Amino acid sequence: SVPSAAGADSPAAHDVAAARPLSVPCDAGAGFPAVRPAVASTSLSAKHEKPSAPRIASRYSAHVPAAHPSVPSSSDMRISKVKAQESSVSEGWKKLSNSDFENTTDVLTSLKKELSLSDWAIYTTIRKITDAVYVEENVNEKVLTQMFLLSQMGYRARVGSSGEELILLLPFDSPVYQVSYISDDGWDYYIYSYSRLNPNNPLYTFGEDFSMAEQPISLVMRHGLSVGYDFYQLKQMKLWEPIVGDEVLAPINIPHVQFTLDYPQSDLMTYHKSAVDSELQKAIFKTLRYKIIKDQMNPEQAVSFIMNLIQHGFEYKTDYEMFGRAKPLFIEESFFYGSNNCKDRVLIFSWIVRDLLGLDVVMFTYPGHVACGVNLGDNVSGNYFEFEGAKYMMCDPTYIGAPIGATMPKYRNVTPEIVKL
């Protein structure tokens, strides 16, 4: 939509809410008594370095294909001298509306379908386009163009101002942690700016509604990132092999791992609702299905086998030991790094038990810890909770050596929040 030129600037000032902290740190707990002790967590190093982006090993691919298809940007989309004022933003929006922007949005729409791009991937692609078109100093032009393109693709987006700079305001369909936000009209708008905001400058939003788009950004990855086989790297799961009794090779979608390294942090259900890379799922499920069928396991034995595998198949590391910051992992990342903690193990365990074994699973959420519950019927002994008329046995993939029905000692007298997965 094209707004009429604003007769006068009518900004509204907003208080900036502090960034939400990530709410579920993980407790390593202790090993189950008289069984294998818990993996000892190493002490935090004095310096935390951000992991470098993963690369494709040359033995798996003779070349690295181009990772970023080109997206056209028409010369008449270039805007200039945009000020952090509503009238200037309105003029810039009208120029963009009269440009040949459809070439850009059509290619973005095709790429979204072809590569199964998530909403966040669309935003980061648009940001890369504007960063390539404009020099570093043209912050306002970048932000307005980002808002315009997102709006044309149906996403709700706004711009605000702080001092002389425009800032992009994005609503999400789930909480985003460690990003400041403002609340307006029943929405939480998260602040994405090119520079650190000066707390002495008020943050304003504009009265003019520049777009009728209503869709918030979703962080759920409904489909795995679609790439060719050249982009995969085989990862040998050495800790799995003594338990499975065979070599285990996990195909890792490297662009997916690169993309999610700096993915926004959201609530745990974002990760549980996200799709798993199809090649990884196919390979892992084939290996586990063969083992379960070969050993003629019943459902209880299969769950016990999977839980033992997750307990011992990954090295235990906190987020800060791995990244120097809080970071939940997608399933593909756990297989790539070979290390994780309780929230990541619950994600992998519940994925396998639900999608391979076909059993109902819930998440038990405690202060500082998460575990799983599996519906195995009424004839299995041990700790359990009833939920929606069914009995869910405690299954903790972080309580090393613990069998089905065993709860970490510090949580035995705590009633968890129960979430259906």
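Reply: W120, Y123, F172, Y181, Y190 and Y192 form one aromatic cluster. The model is a predicted one, in which local features need pLDDT of at least 70 and side-chain atom pairs count only at pLDDT 80 or more, while totals for chains, interfaces and linings use all residues. Residues are numbered from 1 along each chain as its sequence is written, and side-chain values use heavy atoms, with hydrogens and water left out.

A pair of aromatic rings is described by the distance of the centres and the angle of the planes. Rings of Phe, Tyr and Trp (its six-membered ring) pair if their centres lie within 6.5 Å; planes under 30 degrees apart count as stacked, over 60 as edge-to-face and the rest as tilted. In the whole structure, 23 aromatic pairs are found. For W120 and F172, the ring centres are 6.1 Å apart and the planes stand at 40°, so this pair is tilted. Because W120 lies in helix α3 (residues 119-133) and F172 in the loop between β3 (165-171) and β4 (176-177), the pair ties together parts that are 52 residues apart in sequence. Helices (H or I, at least four residues) and strands (E, at least two) are DSSP runs, numbered from the N terminus. Both W120 and F172 are buried, that is, under 20% relative accessible area, where exposed means over 50% and partly exposed in between (1.4 Å probe, protein chains only).

Y123 and Y192 form another tilted pair, 5.9 Å centre to centre with 55° between the planes. Y123 is in helix α3 and Y192 in strand β6 (residues 187-192), 69 residues apart. Y123 counts as buried because its relative accessibility is 2%; Y192, at 13%, also counts as buried.
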